[in-house]
Amino acid sequence: MATLDQLMRLPGAMAAFEFRGSGELLDQRIAYPERINETTLDLLAHMCAANLSIATMQARGWEKMTSMKGFYPIQEFTLVGFDWSVVVSGLHREQFKGEGKTHLPPFMGVVLGNEKADYEAAFAILEEQEPAP
Amino acid sequence: MSIVTDLLAKPGVVAAGEYAYRGDRFSYRGALTEEYARMASIMCRATTMGVNMEGRMLEVFQPRSGLQPPRGWVVHGPDYTVCVMANVFCMLDNAQGSINDIVGFMRQTMAKAPSGLI
């Protein structure tokens, strides 16, 4: 499963964070405290939780209405800003739920500088499977 | 060529289109029906308006944040990805295309798009 330290090793990583489905910030790593702080990350986590939920609802509805498959479940939501992007995922929670586990891992996210951002590498880390016991 | 035509020529792109921020029109090309493209453009527009509002709130917490103004957003599903930059949307088959290439192309091409949502 992805860790904050793994996410911080991505090219251009500025911050990595864990949050609840309600958006509450749980833990974070910040590479440039003068540029991004905990308060900003907390609001960002709330934003991302909301957008991930909306995108999941839309993907669900889209698949039902169009019979097109392959959109649901949303694996990552990415916001592309002017200079930075933020990538978030709750995919591990779905895997845990599917396995019938009751203690679910947090949502995870990473803030990347756009110039060096490798979205596919971020997705790959966020989608890493928990090794089988 | 328009950005939509350029996008459709890229590997993995199954459909692409544009919508008006005021919500009264859209256009598209690719493997969608008119009705599905209309629905996709409404969903993309709604999310774009939402993230722009949220970006302005974020700016209050931290002025000159690198996230403001938002340029676009991406939702990555198991087989398909939706990429939106300004008022252009694109649906990508994950197995055939590169998300990095598409986002990079859209960011570059839409770099001078006004951020006023007009």
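**Two chains and the contact they share**

In this predicted model, 31 residues of chain B are in contact with 33 residues of chain A. Four elements of chain B give two or more residues each to the side that touches chain A: α2, β3 (72-76), β4 (80-85) and α3 (99-109). Of these, α2(B) supplies the largest share, with nine residues. The side of chain B that touches chain A holds 17 nonpolar, 10 polar and four charged residues.

Start with the helices. Two packed helices are described by the angle between their axes and the distance between the axes.

By class, the contact of α2(A) with α2(B) comprises 10 nonpolar residues, six polar ones and one charged one.

Strands also link the chains. Strand β3 of chain A, residues 76-80, is joined to β3(B) by five bridges. These two strands run antiparallel. To place the pairing in the structure, find Thr78(A): it stands opposite Val74(B) in β3(B).

Now move within chain B, to strand β1, residues 13-19. Is β1(B) mostly covered or mostly open? It is mostly covered, since five of its seven residues are buried. Strand β1(B) pairs with two other strands of chain B, β5 and β2.

Take β5(B) to begin with. This strand spans residues 88-93 and is joined to β1(B) by five bridges. The two run antiparallel. Val13(B) stands opposite Leu92(B) in β5(B).

Then take β2(B), residues 26-30. Five bridges join β2(B) to β1(B), and this pair too runs antiparallel. Ala15(B) has Gly30(B) as its bridge partner in β2(B). Strands β1(B) and β2(B) form a hairpin, with six residues between them. Look in the turn for Gly23(B), where phi is positive, at about 85 degrees.

How values were computed. Residues are numbered from 1 along each chain as its sequence is written. Chains are lettered from A and ligands numbered from 1 in the order in which they are written. This is a predicted model: local features need pLDDT of at least 70, side-chain atom pairs count only at pLDDT 80 or more; totals for chains, interfaces and linings use all residues. Ala, Val, Leu, Ile, Met, Phe, Trp, Tyr, Cys and Pro count as nonpolar, Asp, Glu, Lys and Arg as charged, and the others, Gly among them, as polar. A residue is buried if 20 or more other C-beta atoms lie within 10 Å of its own, exposed if 12 or fewer, and partly exposed in between; C-beta atoms are placed from the backbone. Two strands pair if DSSP finds at least two bridges between them. Two residues are in contact if their C-beta atoms, placed from the backbone, lie within 7 Å.
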